[in-house]
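Let's take a walk through a protein model, one stop at a time.

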Amino acid sequence: MTDRILIIDFGSQVTQLIARRLRELNVYCEIHPFQKVTDAFLTDYAPKAIILSGGPASVIDDGSPRPPYSIFEKGIPVLGICYGQQVMMHMLGGKVERGHKTAEFGRAYVSPAVHDLPLLDGWFSEGREQVWMSHGDHVSAIAPGFEVYGTSPNAPFAITADVERNFFAVQFHPEVHHTPNGRKLYENFIDMAGCKRDWTMGAYREEAIAKIREQVGDKKVICGLSGGVDSSVAAVLIHEAIGDQLTCVFVDHGLLRLGEAQEVVTMFRDHYNMQLIHADEQELFLGALEGLSDPEEKRKTIGRLFIDVFQKHANDIDGAEFLAQGTLYPDVIESVSFSGGPSVTIKSHHNVGGLPEKMGLKLVEPLRELFKDEVRRLGEELGLPKHFIGRHPFPGPGLAIRCPGEITREKLDILRQADAVYIDQIRKHGLYDDIWQAFVAILPVRTVGVMGDGRTYDYACALRAVTSVDGMTADYYPFSHEFLGETATRIINEVRGINRVTYDITSKPPGTIEWE
Ligand code: XMP
């Protein structure tokens, strides 16, 4: 079995980054909320090492979160970060106090204390190290057996360790970008735990294929293929595992981008030889959307029809027992909530949420353990074209939410063409991969213009391009004026029906990425 590290989550905003850093070092790890980590869980999980995350609670408060004491009795390395450090000190006989003066938020500099520590190999080569602090409470007395290895002006116990027992405790966050040498600290920790660095995409692919075969046996699987990265990678992986036992259903709701439906069908049916049902249901969807202008009504109509159509086609597949979904790790991590038990946040995926129960299907989710960029790497490993894997996210309701107000076929056609020109511009200028999402929205207004010697009265459109790491917050992309000018000219010259181009410079919040 792959060596693994257990991250016990106390609710820090950046716990996921710890997992990211470890995975980048080819070590497998999982995040579990503290409420779930019991003695029995630990024995069963058998981690090679344990990391205690940060968190918003105060160890001084009654009922604040604790890991089970047995984590200290397993003879494995334990690393406590921020709240994790304080909880370690508190449980092992040190002291934690509150204090305004010693609270520290943001950049700080840690200087070495006298001793050497393997955890700090490669640290302090140029004197002090920049770290990121975010703590209100602080340790005022370290636990017996611990010694100080690093200090900052406000944290005399910034780095402490009990070398004998392999316990390490740091006040700062080594996982964040603003602790530039943090990766080295994790690397040292992994090496000290004797953890093999064998979490590679090649190994994952083999393991995942074996698991799918074992789970599915000789039964049939259906997969809703949206053309997005997650469902595409899931489909190709499952196809590699079970071949024609997989059937994909691609629902074309008439709200896709220029040439998109054809691209998906050609790639999966012709190139990968997958059994693919191309459900061309444009008439059905566009008919039902006629006259609707409220964004939520549009979404609900599309969602409902999507399920109907998918179900109709899936019913035709004799003996299908499984539904494949491209659920990712961030969607299944149980988030810590202090008011009750751990709460599970699972997004409804690819508009097929609720389908498995309705149809009595079991789920196959081969990407459940992966982060988005790992899915992209797996896609590459599986031979999916690079330009396809790197595509910007595209929403389930498609162009419907980029066409504020009533949707008409005329507007959709204009929008598709304008969007294609805009994306072509972005690719030509080499900006595509710097942008999280870019698209055109066609506005529900016509404006007066003049072209040649004549007056025009055509639609206005808005260009949108944002940077983001997860779609939760976003900033507009700072295109040059030359780029914007050139793009506007091209759209107006090449797309009949648009005579005015604007650029949306709203960030999220307060705006959203999509227009509806
Ligand atoms: P917003 O507009 O909420 O978008 O800032 C955040 C991210 O989610 C995508 N999005 C959707 N995806 N169904 C989807 O599958 C939807 O109804 C939907 N609405 C927004 C959006 O494209 C962006 O990536």
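This is a predicted model: local features need pLDDT of at least 70, side-chain atom pairs count only at pLDDT 80 or more; totals for chains, interfaces and linings use all residues.

D504 sits in the segment after β22, a strand that covers residues 498-503. Residues are numbered from 1 along each chain as its sequence is written, and side-chain values use heavy atoms, with hydrogens and water left out.

Is D504 buried or exposed? D504 has a relative accessible area of 10%, so D504 is buried. (Buried means under 20% relative accessible area, exposed means over 50%, and partly exposed is in between, using a 1.4 Å probe and protein chains only.) The side chain of D504 makes a polar contact with the side chain of T506, at 2.6 Å, and another polar contact, at 3.1 Å, links the side chains of D504 and W515. A polar contact is a pair of N or O atoms within 3.5 Å; within protein, one must be able to donate a hydrogen and the other to accept it, and residues adjacent in sequence count only if both atoms are side-chain atoms. If you skip residues up to four places away in sequence, D504 touches L463, R464, Y476 and W515. Touching is about contact, which means heavy atoms within 4.5 Å.

Stay in that segment after β22, where you'll also find P509 and P510. Check the peptide bonds here: the one from K508 to P509 is cis, with omega near -15°, and the one from P509 to P510 is cis too, with omega near 10°. Why point that out? Most residues other than glycine have a negative phi, and most peptide bonds are trans.

A46, in the loop between α2 (39-45) and β3 (49-52), has a phi near 50°, a positive value in a residue other than glycine. A46 counts as partly exposed because its relative accessibility is 46%. C82 isn't a glycine either, but has a positive phi of about 55°. You'll find C82 in the loop between β4 (78-81) and α3 (83-92), and C82 is buried because its relative accessible area is 5%.

Now for the ligand. Which residues surround the ligand? They are R299, P395, G396, P397, I401, Q437, G471, K508, T512, I513 and E514, where near means that one heavy atom of a residue lies within 4 Å. This shell divides into four nonpolar, four polar and three charged residues. (Ala, Val, Leu, Ile, Met, Phe, Trp, Tyr, Cys and Pro count as nonpolar, Asp, Glu, Lys and Arg as charged, and the others, Gly among them, as polar.) A polar side-chain atom of R299 lies 2.6 Å from an oxygen atom of the ligand, and for K508 that distance to a ligand oxygen is 2.7 Å. An N or O atom in the side chain of E514 is 2.5 Å from an oxygen atom of the ligand. The protein covers 70% of the 490 Å² of accessible area that the ligand has on its own. Accessible areas come from the Shrake-Rupley method with a 1.4 Å probe; for residues, only the protein chains shown count as cover.

Next, the cysteines. How many disulfides are there? The count comes to zero, with a disulfide being a pair of cysteine sulfur atoms within 2.5 Å. The sulfur of C223 has its closest cysteine sulfur in C248, but they are 4.4 Å apart, so that is too far for a bond. C461 is in no disulfide either, and the nearest cysteine sulfur, that of C403, is 12 Å away. C223 counts as buried because its relative accessibility is 2%, and C461 does so because its value is 0%.

Finally, zoom out. The chain has 15 helices and 22 strands, and its C-alpha atoms fill a box of roughly 85 × 60 × 40 Å along the principal axes. Of its 516 residues, 55% count as buried. Among contacts with a separation of 6 or more, 75% come from residues 24 or more positions apart.

Key
Helices (H or I, at least four residues) and strands (E, at least two) are DSSP runs, numbered from the N terminus.
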